[in-house]
Every structure is written in C-alpha cells, then in structure tokens.
Amino acid sequence: MKEQFYKYIQNLQNTITSSLEKIDGKAVFREDLWERPGGGGGRTRVIENGAVFEKGGVNISAVHGELPEAMQKYFGVENADFFACGLSLVIHPKNPHVPTVHANWRYFEMYDKKGSVIDRWFGGGQDLTPYYLYEEDAIHFHKVCKQACDKHQESFYPDFKEKCDRYFWNSHREEARGVGGLFFDYCRKNEDFSIEDWYAFVTEVGDSFLDAYTPIVQKRMNTAFTMEEREWQEIRRGRYVEFNLVHDKGTLFGLKTKGRIESILMSLPPHVQWVYDHHPESGSPEEKLLNVLQHPRSWTE
C-alpha cells in the first residue's frame with residue numbers, strides 16, 4: 001500500500017504543478033530534492049512571485065525511522081517505528097479576490113521492532129480560505145467535495161465537513177480559518193471499509209482538487225482590487241499563520257519528527273500584517289466574511 005500511495009502522490013504532484021503553472025503563465029515551480037537524516041526524504045516544489053500566485057508549495061515526502069518519543073507517548077506505544085508519506089499543498093494567490101487553498105493527503109504505518117505493521121491509516125482533506133466571500137465559489141468548492149465523497153459513502157461529506165469546520169478553528173480568535181471543505185484522519189480498516197477502500201476514497205478526493213479550486217482562480221484572478229483590499233488580505237493571512245503555528249497537527253508533526261523546516265514552513269505567506277485591535281467597518285464585505293467565519297454554515301443545501 002505504501003508504495004502504491006507514494007507513486008500516486010508523485011503523479012498527483014506533477015499534475016497539480018503543471019496545471020497551476022499554466023494558469024499562472026509566468027512563474028514556474030522550483031524543485032528541491034531533500035533527504036531526512038533519520039530516514040527518507042521528499043520533493044518540494046515552490047512557486048513564487050508569479051502573475052497569479054504570490055507563493056505556493058506542492059510538496060511530497062516519504063519519511064521513516066524510529067517514532068520520536070513525543071509521538072510514541074501520543075499514540076500510547078513503545079519502541080515503535082513508522083513510515084509516513086503524503087502530499088501537502090498551500091497556494092497563496094496575489095489577488096485578494098482569489099482564495100488561498102490548502103490540501104493534504106497522507107498515509108501512515110507504524111511497526112513493532114520485528115517490522116510487523118501494528119497500525120496504519122489514511123488522512124487528509126482540502127479547504128478554502130477566501131478574503132472576500134463569493135458564496136458561489138464556496139458552494140462550488142463544497143459541491144465538488146461532496147461529489148467525491150458521495151461516490152463512496154453519503155455520510156462522508158457531512159461528517160468530514162463538520163470535522164473540517166472543527167479542526168480549522170482558531171480557538172483563540174473564536175473564528176474559522178476559512179470556509180472549510182473536508183478533513184478526515186485515522187481512516188483505518190473496519191467492518192465496512194478495507195484499507196484498499198480507503199485508498200480509493202482518498203485518491204478520489206485528491207483527483208477532485210483541481211476541479212474544486214482552479215475554476216475559482218480563473219474566475220477571480222483578473223478582478224481589479226484596491227490597496228485597502230490588499231491590506232485586508234494581509235491581515236487575514238495573519239490569522240492563517242496563527243493557525244498553522246499554534247494549532248496545525250501537520251506542522252507540529254513535521255517539527256517533532258525533525259522534518260525539513262523549509263518544506264514545513266512553505267505554507268506561510270510572504271506578506272502579512274498584524275494590526276492592533278482591527279475591526280472591519282459595519283456592513284462592509286470584510287465584515288460579511290467575518291460573520292461567516294464566526295458561524296460556519298452549510299454550502300450544499
């Protein structure tokens with residue numbers, strides 16, 4: 001399974017980066033191959049200063065070795081080894097009317113000292129973070145997510161949408177990071193789904209990503225914007241940074257397993273503002289966005 005999924009994310013990385021390069025029309029992804037001292041490595045691809053994309057990364061990795069002590073305590077195991085592979089992406093467009101997007105699809109195995117698999121699971125998801133709320137864009141993104149889920153089980157979308165709203169929640173701000181999407185983790189073999197069934201589901205979601213996101217980019221990327229709108233985008237990017245550094249499990253896992261720091265922190269945008277006690281004007285488009293972030297809603301009904 002691990003070889004099958006790693007091959008899948010290698011191909012998906014190629015598909016996504018080539019598609020985004022065509023949309024941008026100016027910048028191309030820079031590729032770095034890296035090795036992890038404890039075992040494994042990855043292929044980082046970063047795009048910067050493009051016509052459409054200010055900064056973005058589409059990274060894959062496959063790392064293995066002894067599970068760090070902090071993670072052994074977290075999982076309640078002793079003397080365990082691990083293998084983890086996945087694709088993680090974050091795209092920060094230049095235009096504040098184009099939303100930031102994040103996605104991740106991953107697979108994890110844990111072994112005893114004899115090398116026998118003692119646990120394995122899939123995880124992942126995709127979520128949208130707009131700076132200006134276009135309801136039809138949020139509806140489109142969620143409908144594509146729902147269609148991918150419904151091909152496997154109708155309970156998946158409402159369940160994983162709720163998990164996404166709950167996970168990408170800046171509790172110290174009492175607001176969501178964005179308008180959500182899907183989030184799922186610890187997808188193990190059970191009575192209804194084999195590990196192969198989970199593979200089919202996760203790859204279905206991965207294959208849906210470009211259909212969910214690129215039509216929104218193409219619709220909004222030439223929208224005129226003001227410096228005030230750009231400043232709002234940078235303030236909201238600050239909230240994005242706060243979530244990733246304070247709450248995000250993937251970032252914390254990468255740091256605890258001594259992952260490649262440049263790849264872990266590629267999710268951070270290049271231009272951000274923190275304005276003291278900032279509040280948007282009453283009745284403004286900015287306030288409209290905040291109202292939705294403070295009260296997550298359904299986008300498919």
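1. A residue counts as buried when its relative accessible area is under 20%, and glycine 123, with a relative accessible area of 0%, is therefore buried by that cut-off. The model under discussion is a predicted one, and the remarks below should be read with that in mind.

2. Glycine 123 belongs to strand S6, which covers residues 117-129. Leaving aside neighbours within four places in sequence, the residues in contact with glycine 123 are Asn104, Trp105, Arg106, Phe184, Asp185 and Val202. The C-alpha atom of glycine 123 is separated by 8.4 Å from that of phenylalanine 108, a residue 15 positions away along the chain.

3. Aspartate 119 is also found in strand S6, and since its relative accessible area is 19%, which is under the 20% cut-off, aspartate 119 counts as buried. Apart from neighbours within four places in sequence, aspartate 119 is in contact with Phe108, Glu109, Met110 and Arg188. Lysine 249, by contrast, is 130 residues from aspartate 119 in sequence, and the two C-alpha atoms are 19 Å apart in space.

4. On the overall fold, the chain contains nine helices and nine strands, and its C-alpha trace spans about 60 × 40 × 40 Å along the principal axes. A compact globule of 301 residues would have a radius of gyration near 19 Å, and because the chain has 19 Å, the two agree. Of the contacts in the chain with a separation of 6 or more, 69% are accounted for by residues 24 or more positions apart.

5. As for burial and surface, 54% of the 301 residues of the chain count as buried.

6. Arginine 177 deserves a separate comment. This residue is placed in the loop between strand S8 and strand S9, the latter covering residues 180-187, and with a relative accessibility of 4% arginine 177 counts as buried. Once neighbours within four places in sequence are set aside, arginine 177 is in contact with His102, Asp127, Thr129, Phe168, Tyr240, Phe243, Asn244 and Leu293. One of these residues, aspartate 127, is 50 residues from arginine 177 along the chain, with 9.3 Å separating the two C-alpha atoms.

7. The C-alpha atoms of histidine 279 and aspartate 248 are separated by 25 Å, the two residues being 31 positions apart along the chain.

8. Most residues other than glycine have a negative phi. Asparagine 79, although not a glycine, has a positive phi of about 55°; asparagine 79 lies in the loop between helix H2 (69-75) and strand S4 (81-93), and with 47% relative accessibility this asparagine counts as partly exposed. Glutamate 174 likewise has a positive phi, near 55°, and its place is in the loop between strand S7 (169-170) and strand S8 (175-176).

9. How many disulfides does the structure hold? The structure holds zero. The closest cysteine sulfur to that of cysteine 149 belongs to cysteine 145 and is 6.8 Å away, which is too far for a bond, given that a disulfide is taken to require sulfur atoms within 2.5 Å. Cysteine 187 is in no disulfide either, and its nearest cysteine sulfur, that of cysteine 149, is 10 Å away.

Key: Residues numbered from 1 in each chain as written. Predicted model: local features only at pLDDT ≥ 70, side-chain atom pairs only at ≥ 80, totals over all residues. Heavy atoms only, no water. Helix = DSSP H or I, 4+ residues; strand = E, 2+ residues; numbered from the N terminus. Rg over C-alpha atoms; globule rule 2.2 N^0.38 Å. Buried < 20%, exposed > 50% of the residue type's maximum accessible area, 1.4 Å probe, protein only. Contact = heavy atoms within 4.5 Å.
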